[in-house]
Amino acid sequence: MKQFYDPVAVTLLTGFLGSGKTTLINKLVSDPRMADTAVIINEFGSIAIDHDLVRTGSERYLRTTTGCLCCSATSDIRTSLYELHEARMKGAIGPVSRVVIETTGLADPAPIINSLIPGGAPATAQRDHAVARHFYLQGVITAFDTIDGRSTLASFIEGWKQLAFADDVILTKTDIAEEKRNWPQELAVLNPAARFHDRHAPDFDLVSLLGEPPYSVSHKAEDVNGWLAMERLAAHPEHDHDPNRHGDEIEAFSLTSEAPLDPDAIGILLGLLVSPQNRGLIRMKGLVALSDDPERPMVIHAVQHRIDPTVRLPEWPGEERGTRIVLIGMDLPQKQIRALFAALVARSNKKGRTSA
Ligand SMILES: Nc1nc2c(ncn2[C@@H]2O[C@H](COP(=O)(O)OP(=O)(O)OP(=O)(O)O)[C@@H](O)[C@H]2O)c(=O)[nH]1
């Protein structure tokens with residue numbers, strides 16, 4: 001039987017932007033076998049949405065950190081785990097037998113893994129020793145989008161690394177992918193040791209992937225050891241890091257409004273966001289308040305240029321009300337998008353006043 005002081009297994013769930021990580025987390029937290037699982041979500045950009053998209057009861061430990069993991073990974077992950085440990089010690093939360101960390105879709109897994117494995121990133125504070133004693137990295141699971149995954153691999157090294165470090169690769173969107181491909185064969189060059197799972201196979205059991213053994217890089221591609229070593233040597237100076245930027249090219253920004261939007265307005269906005277003029281768009285997600293029923297927000301998602309079916313929630317998932325839309329991409333015409341959004345909000349307000 002597990003004792004309170006036994007180290008807690010940490011599973012890293014990674015995968016590129018929009019590959020289906022939060023959808024998998026929702027599957028996990030709805031499983032009774034995962035009742036004692038704490039969830040930590042790191043989101044890119046300064047406005048968090050994912051915590052509101054994870055359907056978890058209030059009794060579950062769920063924390064979101066925002067920002068870009070590329071240079072703050074080590075301290076962010078260790079701080080989050082230390083806070084969890086303290087909450088356990090003080091009895092502020094119920095038992096925790098497992099932690100799942102969802103990385104941002106842009107995360108390089110190397111610094112995160114280094115912060116969790118013996119011999120990885122050196123301890124810089126007492127906190128780090130406590131984390132090393134009370135938690136261990138159990139495994140890495142990577143969501144791979146079978147629709148957009150290939151184009152991701154062609155453009156983003158982060159996508160390669162997320163696959164290369166995986167113990168298990170979950171093939172997502174196989175329910176809507178038109179092309180059936182032999183992904184294990186195609187991706188073997190990046191990760192010869194990975195086990196592949198079709199998320200829509202009848203016998204797919206996500207919980208069974210969260211086993212006991214500590215994470216190991218043996219049998220993975222040679223690059224993996226090199227990336228970890230390089231990452232350990234890389235200097236990560238303490239400096240202010242813009243949480244809305246990743247490297248020089250990718251940036252996030254958000255559109256917010258307290259006033260509800262007219263349902264027609266959201267159609268116009270979505271159409272323009274995925275139009276060819278906005279071709280740098282990589283990801284868009286949001287919660288939208290609509291004037292026809294402001295208490296029932298609409299969830300919107302786009303991955304690259306495909307808008308996913310919208311969903312109307314029965315109520316606001318958290319305390320925060322009002323529209324929040326996050327856009328992530330390269331060279332996005334931010335000024336024009338903001339101007340359009342402001343015009344649509346103004347139009348909705350005017351329409352609301354006229355019909356009142
Ligand atoms: N049809 C289908 N849609 C999926 C599947 N997995 C995820 N989606 C949809 O893809 C969109 C993005 O899914 P998320 O789970 O939010 O992806 P994510 O990886 O958490 O996204 P980021 O946190 O922004 O990186 C949503 O509209 C999901 O409903 C799948 O297997 N099939």
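1. Let's start with the largest nonpolar core of this predicted model. This core has 30 residues, and Leu81, Val99 and Ile113 are the members that touch the most others in it. Several elements give two or more residues each, including strand 1 (8-15), strand 2 (37-43), strand 4 (98-102) and helix 9 (222-233). Helix 3 provides the largest share, with four residues.

2. As background, nonpolar side chains in soluble globular proteins tend to be buried together.

3. Leaving aside residues up to four places away in sequence, Ile113 touches Leu12, Leu137, Val140, Phe165, Tyr215 and Leu228. Apart from the core described above, there is another one of 23 residues, with Met298, Ile325, Ile337 and Phe341 among them.

4. Now have a look at Lys220, which sits in the loop between strand 7 (195-198) and helix 9. Is Lys220 buried or exposed? Its relative accessible area is 12%, and buried means under 20%, so Lys220 counts as buried.

5. What surrounds Lys220? Not counting residues up to four places away in sequence, Lys220 touches Ala164, Phe165, Ala166, Asp167, Asn191, Pro192, Ala193 and Tyr215. Its side chain also reaches the backbone oxygen of Ser216, at 3.0 Å.

6. Of the 356 residues, 53% are buried. The accessible surface comes to about 16900 Å², and carbon and sulfur atoms account for 53% of that surface. Take the contacts between residues at least 6 apart in sequence: 79% of these join residues at least 24 apart.

7. Finally, a word on confidence. The protein chain has an average pLDDT of 87, and 87% of the residues score at least 70. Which elements have the lowest and the highest mean pLDDT? Strand 8 (residues 245-246) has the lowest, at 63, while strand 6 (residues 168-172) has the highest, at 98. Where pLDDT is low, the predicted coordinates should not be read in detail. For the complex, the predictor gives an ipTM of 0.99 and a pTM of 0.91.

How values were computed
Residues are numbered from 1 along each chain as its sequence is written. This is a predicted model: local features need pLDDT of at least 70, side-chain atom pairs count only at pLDDT 80 or more; totals for chains, interfaces and linings use all residues. Side-chain values use heavy atoms; hydrogens and water are left out. Buried means under 20% relative accessible area, exposed over 50%, partly exposed in between (1.4 Å probe, protein chains only). Contact means heavy atoms within 4.5 Å. Accessible areas come from the Shrake-Rupley method with a 1.4 Å probe; for residues, only the protein chains shown count as cover. A nonpolar core is a set of buried Ala, Val, Leu, Ile, Met, Phe, Trp, Tyr and Cys residues joined through side-chain atoms within 4.5 Å. A polar contact is a pair of N or O atoms within 3.5 Å; within protein, one must be able to donate a hydrogen and the other to accept it, and residues adjacent in sequence count only if both atoms are side-chain atoms. pLDDT is the predictor's confidence in each residue, from 0 to 100.
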